[in-house]
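Me: I would like to learn how to read a few local features in a model. Can we go through them one at a time?

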Amino acid sequence: MTEIVLPGDKSITQRALILAALAEGESRLSGLLAGEDPQATASVLRALGVDVPPPPVDGSEVRVRGVGLNGFKAPERDLDFRNSGTGARLMMGVLAGQSISAILTGDASLRSRPMRRVTEPLSEMGATFLELGESDRLPIRISGGPLNPLTYESPVGSAQVKSALLFAGLTGGAVTSVSESTASRDHTERMLTMVGAPVISHEVEGRWQVELRDPPKAILPLDFAVPSDFSSAAFFLVLGLLGGAGPELTVRRVGLNPTRTGMLGVLARMGASPQDLTHSYDVPPDSPSEPIGDLTVRPTILKGIEIGEADTPAILDEIPILAVAASRADGLTRLTGARELRVKESDRITALVENFRSLGVAVEELDDGLEIEGSDRPVRGEVDAFDDHRIAMAFAILGALPGNDITIRNRDIVDVSFPGFWTILDRLAPRAGSG
Ligand code: S3P
């Protein structure tokens with residue numbers, strides 16, 4: 001039996017760094033992800049006057065002395081979030097409530113992603129934004145200050161939008177209520193509650209509503225261990241199910257927040273039985289902190305299924321690797337209701353379709369998804385990462401399956417969320433990366 005332990009969760013690491021920076025007192029954080037995205041956020045926080053060390057690769061504890069909810073200093077340089085949409089959007093919310101002005105920017109991928117989904121509701125709260133390049137895109141100058149209360153029906157199901165608005169309510173001292181059609185990942189709600197800024201979540205007329213009813217004047221420091229990233233585990237779960245990691249593979253102590261683990265149900269619908277795909281909890285799913293447990297997979301035969309809009313919030317970042325699973329399943333998989341994939345680190349629908357086509361996998365592009373005809377024919381060739389860590393890792397897993405051989409152009413992009421990915425893959429499936 002093979003066991004692996006994976007790096008910290010990207011979403012939770014970003015929030016832990018931000019909340020530690022805003023706390024009154026010293027936070028102790030361990031298990032932080034040392035990937036490029038959190039490193040970018042840590043460096044932005046340093047530019048704003050918070051002494052945040054770079055997250056270490058071994059996940060060892062770091063201490064961060066917070067500057068309070070309104071303690072940032074005006075930065076002397078542009079705030080460069082590099083590839084990180086979460087960093088940029090969450091920090092827009094944080095900065096909206098601070099009486100300073102700053103220019104936010106990022107790499108070419110981030111500068112091609114929509115920002116009005118965040119700047120429009122933040123403008124309603126009273127922050128001002130100046131788009132310095134193309135409309136709806138970074139670079140953007142933000143000027144913040146005390147904010148007005150907001151009740152907002154988010155037109156997109158996005159944890160980044162929801163979190164940005166809650167963070168704005170926190171730093172801007174404004175009662176904030178956000179609703180979304182289906183609950184997106186709830187790390188911000190859990191962590192705000194942990195630091196003494198309780199968020200109330202409930203269903204209202206068929207929508208999921210989260211409310212910061214009583215923004216505090218100060219928040220408590222965190223003493224917190226970040227769990228491993230389920231979205232990183234997802235790649236190796238599929239490798240194991242498709243027979244690329246030996247008879248049994250266990251991923252230890254991974255985050256199992258139910259707003260993130262929708263892929264387990266989708267894989268069960270694809271035919272993975274409870275013996276092929278098992279999970280057990282160290283911290284149970286109803287815990288107010290983050291649920292944690294082990295996942296074990298064994299090789300099996302998967303079948304094609306329909307994946308629809310109701311599935312997407314809880315499988316959002318796993319769609320590239322689920323598409324790879326579908327390409328090795330029996331029959332057709334049809335994914336719809338996933339238009340948001342077009343505005344991720346790449347247009348993931350186009351990236352998947354182009355890469356599958358170049359490898360000879362039968363795919364059809366849909367406006368809001370794709371259809372994939374599964375096959376067990378060996379696939380060989382070269383594909384592009386499209387500046388997108390998850391596209392690179394999904395095709396790396398396909399290439400690591402017995403009989404396949406795929407070279408990934410720009411493969412170092414995996415460091416955005418998963419430094420060490422290639423080392424683990426080489427250990428589990430030694431032929432991988434030979435191309
Ligand atoms: C994230 C939210 C999701 C997800 C991203 C991380 C977060 O994005 O795709 O990888 O940490 O809040 P959206 O909020 O744009 O859906």
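Reply: Start with burial. A residue counts as buried when its relative accessible area is under 20%. This model is predicted.

Me: How many residues of helix 5 are buried?

Reply: Helix 5 is mostly covered, with 13 of its 13 residues buried.

Me: What span should the 13 residues of helix 5 have, and how far apart are its end C-alpha atoms?

Reply: The expected span is 1.5 Å times one less than the number of residues. Helix 5 covers residues 159-171, so it should span 18 Å. Its end C-alpha atoms are 18 Å apart, which agrees.

Me: Which residue caps the N-terminal end of helix 5?

Reply: For a polar contact, look for N or O atoms within 3.5 Å. Ser 158 is the cap: one of its side-chain oxygens lies 3.2 Å from the backbone nitrogen of Gln 160. Past the other end, look at the backbone. Gly 173 follows helix 5, and its phi is positive, near 60°.

Me: Now a helix pair. At what angle do helix 9 and helix 11 pack?

Reply: Angles under 35 degrees count as roughly parallel. Helix 9 (residues 319-327) and helix 11 (residues 389-400) pack at about 25°, their axes 8 Å apart. The two helices are therefore roughly parallel to each other. The crossing of helix 9 past helix 11 is right-handed.

Me: Which residues of helix 9 and helix 11 meet?

Reply: From helix 9 come Pro 320, Ile 321, Val 324 and Ser 327. They meet Arg 390, Ile 391, Ala 394, Ile 397 and Leu 398 of helix 11.

Me: Next, loops. Is Ser 84 buried or exposed?

Reply: Ser 84 sits in the loop between strand 4 (79-80) and helix 3 (85-96). Its relative accessible area is 0%, so Ser 84 is buried. A polar atom of its side chain lies 2.9 Å from the backbone nitrogen of Gly 87.

Me: Leaving aside neighbours within four places in sequence, which residues is Ser 84 in contact with?

Reply: Contact needs heavy atoms within 4.5 Å. With those neighbours left aside, Ser 84 touches Gln 14, Asp 37, Thr 41 and Leu 110.

Me: What relative accessibility does Ser 112 have?

Reply: Ser 112 is at 43%, so it counts as partly exposed. Its place is the loop between strand 5 (101-105) and helix 4 (116-125). A polar atom of the Ser 112 side chain lies 2.7 Å from the backbone oxygen of Ser 109.

Me: How far is the C-alpha atom of Ser 112 from that of Asp 136?

Reply: The separation is 8.9 Å, for residues 24 apart along the chain.

Methods:
Residues are numbered from 1 along each chain as its sequence is written. This is a predicted model: local features need pLDDT of at least 70, side-chain atom pairs count only at pLDDT 80 or more; totals for chains, interfaces and linings use all residues. Side-chain values use heavy atoms; hydrogens and water are left out. Helices (H or I, at least four residues) and strands (E, at least two) are DSSP runs, numbered from the N terminus. Buried means under 20% relative accessible area, exposed over 50%, partly exposed in between (1.4 Å probe, protein chains only). A polar contact is a pair of N or O atoms within 3.5 Å; within protein, one must be able to donate a hydrogen and the other to accept it, and residues adjacent in sequence count only if both atoms are side-chain atoms. Axes are lines fitted to C-alpha atoms, for helices over the stretch in contact, and angles run from 0 to 180 degrees between N-to-C directions. Angles under 35 degrees count as roughly parallel, over 145 as roughly antiparallel, 65 to 115 as roughly perpendicular and the rest as oblique. A crossing is left-handed if the near helix is turned anticlockwise from the far one by less than a right angle, and right-handed if clockwise.
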